[in-house]
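Me: I would like to learn how to read the features of a model like this one. Please start with the terms.

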Amino acid sequence: MSEDLLETINGLKGRWMIGGSALDKASSPWREIAESDASPDSALLALAGQAMQVGMRTIPGVDLKPLRPLPRLSLPTPPLQARQQFQAAIRVGKLPEPQIK
């Protein structure tokens with residue numbers, strides 16, 4: 001992410017934090033896009049949020065390894081009625097929550 005973009009976003013955030021419009025702090029391409037929208041500050045907020053999510057994404061390490069696939073279950077999934085009975089038995093067997101005063 002370039003320093004210019006980071007400075008632009010920080011300037012926008014500074015204006016929003018004091019409750020003002022950030023349209024004059026935006027770069028010219030962003031300003032053109034925002035001015036074409038009905039709510040310019042909302043458009044700038046969307047652009048800044050997208051830039052932060054994409055531009056400030058962490059770079060993965062070089063030693064990434066794919067995970068093994070999940071193991072297959074040895075038994076089939078129980079039928080719906082049996083699952084419902086099992087879930088009901090679990091609910092009945094639960095102890096009441098302790099009352100903390």
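Reply: Begin with burial: buried means under 20% relative accessible area, exposed over 50%, and partly exposed in between, with a 1.4 Å probe and protein chains only. This is a predicted model, in which local features need pLDDT of at least 70, side-chain atom pairs count only at pLDDT 80 or more, and totals for chains, interfaces and linings use all residues. Residues are numbered from 1 along each chain as its sequence is written, and side-chain values use heavy atoms, with hydrogens and water left out.

Me: Is T8 buried or exposed?

Reply: T8 has a relative accessible area of 16%, so it counts as buried. Contact means heavy atoms within 4.5 Å. Beyond its neighbours within four places in sequence, T8 is in contact with K25, A26 and S27.

Me: In which element does T8 lie?

Reply: Helices (H or I, at least four residues) and strands (E, at least two) are DSSP runs, numbered from the N terminus. T8 is placed in helix 1. The protein chain has four helices and zero strands, in the order α-α-α-α from the N terminus on.

Me: Why is the protein chain described as more spread out than a compact globule?

Reply: The radius of gyration is taken over C-alpha atoms, and the globule rule is 2.2 Å times the number of residues to the power 0.38. For 101 residues that rule gives 13 Å, and the radius of gyration of the protein chain is 26 Å, well over it, so the chain is more spread out than a compact globule. Along the principal axes, its C-alpha atoms fill a box of roughly 65 × 45 × 30 Å. Of the 101 residues, 12% count as buried.

Me: Which residues make up the largest nonpolar core?

Reply: A nonpolar core is a set of buried Ala, Val, Leu, Ile, Met, Phe, Trp, Tyr and Cys residues joined through side-chain atoms within 4.5 Å. Here the largest one has eleven residues: I9, L12, A22, L23, A26, W30, A34, A43, L44, A48 and A51. Two or more residues each come from helix 1 (3–17), helix 2 (28–35) and helix 3 (40–55). Helix 3 gives the largest share, four residues. Leaving out residues up to four places away in sequence, A48 touches I9, L12, W16 and W30.

Me: Where does Q85 lie?

Reply: Q85 belongs to helix 4 (residues 80–93). With 52% relative accessibility, Q85 counts as exposed. From C-alpha to C-alpha, Q85 and I33 are 57 Å apart in space, and 52 residues separate them in sequence.
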